[in-house]
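Work through these exercises with the model open beside you. Try each task before reading its solution.

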Amino acid sequence: MNRSFYTIMAAQFFSSLADNALLIAAIALLVQLEAPAWMTPLLKLFFVLSYVVLAAFVGAFADSRPKGNVMFITNTIKFVGCVVMLFGSHPLLAYAIVGLGAAAYSPAKYGILTELLPPEKLVAANGWIEGLTVGSIILGTVLGGVLISASVSQSLLSLDVPALETGIDTAAESAILIIMMIYVIAALINLRIPDTGARYVSQKTNPIELIKDFAVCFRTLWDDRLGQISLAVTTLFWGAGATLQFIVIKWAQVALHMTLSQGAILQAISAFGVAGGAVWAAWRIPLRSSLKVLPYGIAMGLVVCVMAIYNSDMLPNITLFSIGKLEVSLNLVPAYFLLILVGWLAGYFVVPMNALLQHRGHVLMSAGHSIAVQNFNENISVLMMLLLYSGLIWLDVPIQYVIIGFGVFVSIIMWLVIKRHKANQAERDSMHLIGEHKH
């Protein structure tokens, strides 16, 4: 990888770090405002909504100028969202502004990879991007928790600037101020991203025309024999991943007898598995072999089903060792192993699919437009699967049945995707198209 790639990696890390820390600060701000409990999950909804609503427009914007410039502008929008949140706007509205910046940032972040790197390096690039993103999610969540903690927030609030009244008086507000500084660091790194020289046809500005263009790109990617397979897999993965976050927390409370805060730690354990699988795929899987990982999706669904069988009463509660305040006991080791395995399988099969989808999108249309189509499909999947999960919880369906249903659903969909791919290739071989250059 060249130096430009590492600059993009650094910019992505700090921007994602700030995004995840800000979510914790926004939750703390809602608590401070004594907002009703149902507003907390709406933060995720308001953030994701921009990916769906603005999908027709952000791709054209990403292709209208150099990607580094786009990343700087969209990172600045995130900074504005912080400012709005800090100075009195409702957290939901402010976080929606941050989501707007993130939705426009994504096509530039992934699109520049296809401009900067040859097709054979896309799997490795995606592996490192996904691994780094998972790391930023873990560290960002931890950073947000540290910044709103009593000891750290008191130290931050005790720092006074002579002759300057900031109006920052609470832990959440001091955390947001620090997070704004992280966005500034990301913006400065964005300025160091070089122009790749890639230029696309002049982008339309009429909203109706943009929507028509997006519809054409949408159909083009779904009609492509390779694009439709990779798009189906990534769409399933992101919807399943978002739902699995909530399933794991509920499973931890019911089957492992954990508190909410202890259950949240399991997210980090699963995330380490995703990062490991992503890096392993980056090392082992070339782009031309990307479709060979599809069976791992079936395996992931089946391993999830095993989670429904296990509970912490099956083994004695013997403490093996402690890491800070975290005690690792014998009866929790199988749970940790299952989560790491699920995460590893997920990271291993989704990274090559991401790379193949970016490659086909770049060849068939443009980097920004293809990523916008991908984001639209993935976030529609997130919203629909979360809605289905919420309905099952509202109906008071036991979590064990929910887990089995979820795992079987993932495995069946992946099996159908594999059958569709085999049928496509039996009708007309298209594997030789992998690695072709844009024409």
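Buried means under 20% relative accessible area, exposed over 50%, and partly exposed in between, with a 1.4 Å probe and protein chains only. This is a predicted model: local features need pLDDT of at least 70, side-chain atom pairs count only at pLDDT 80 or more, and totals for chains, interfaces and linings use all residues. Residues are numbered from 1 along each chain as its sequence is written, and side-chain values use heavy atoms, with hydrogens and water left out.

**Exercise 1. Survey the chain.**

Task: State how many helices and strands the chain has, and what percentage of its residues count as buried.

Step 1. Count DSSP runs: helices are H or I of at least four residues, strands are E of at least two, numbered from the N terminus. The chain has 15 helices and two strands.

Step 2. Apply the burial cut-off. Of 439 residues, 52% count as buried.

**Exercise 2. Describe how α3 and α9 meet.**

Task: Find the crossing angle of the α3 and α9 axes, then the residues in contact.

Step 1. Two packed helices are described by the angle and the distance between their axes. Here axes are lines fitted to C-alpha atoms, for helices over the stretch in contact, and angles run from 0 to 180 degrees between N-to-C directions.

Step 2. The axes of α3 (residues 55–62) and α9 (residues 207–223) cross at roughly 90 degrees and come within 8 Å. That makes α3 roughly perpendicular to α9 (65 to 115 degrees; under 35 is roughly parallel, over 145 roughly antiparallel, the rest oblique).

Step 3. List contacts, meaning heavy atoms within 4.5 Å. From α3, Ala 55, Ala 56, Phe 57 and Ala 60 meet Pro 207, Leu 210, Ile 211 and Phe 214 of α9.

Step 4. Sort by class: eight residues are nonpolar, none polar and none charged. Nonpolar covers Ala, Val, Leu, Ile, Met, Phe, Trp, Tyr, Cys and Pro; charged covers Asp, Glu, Lys and Arg; the others, Gly among them, are polar.
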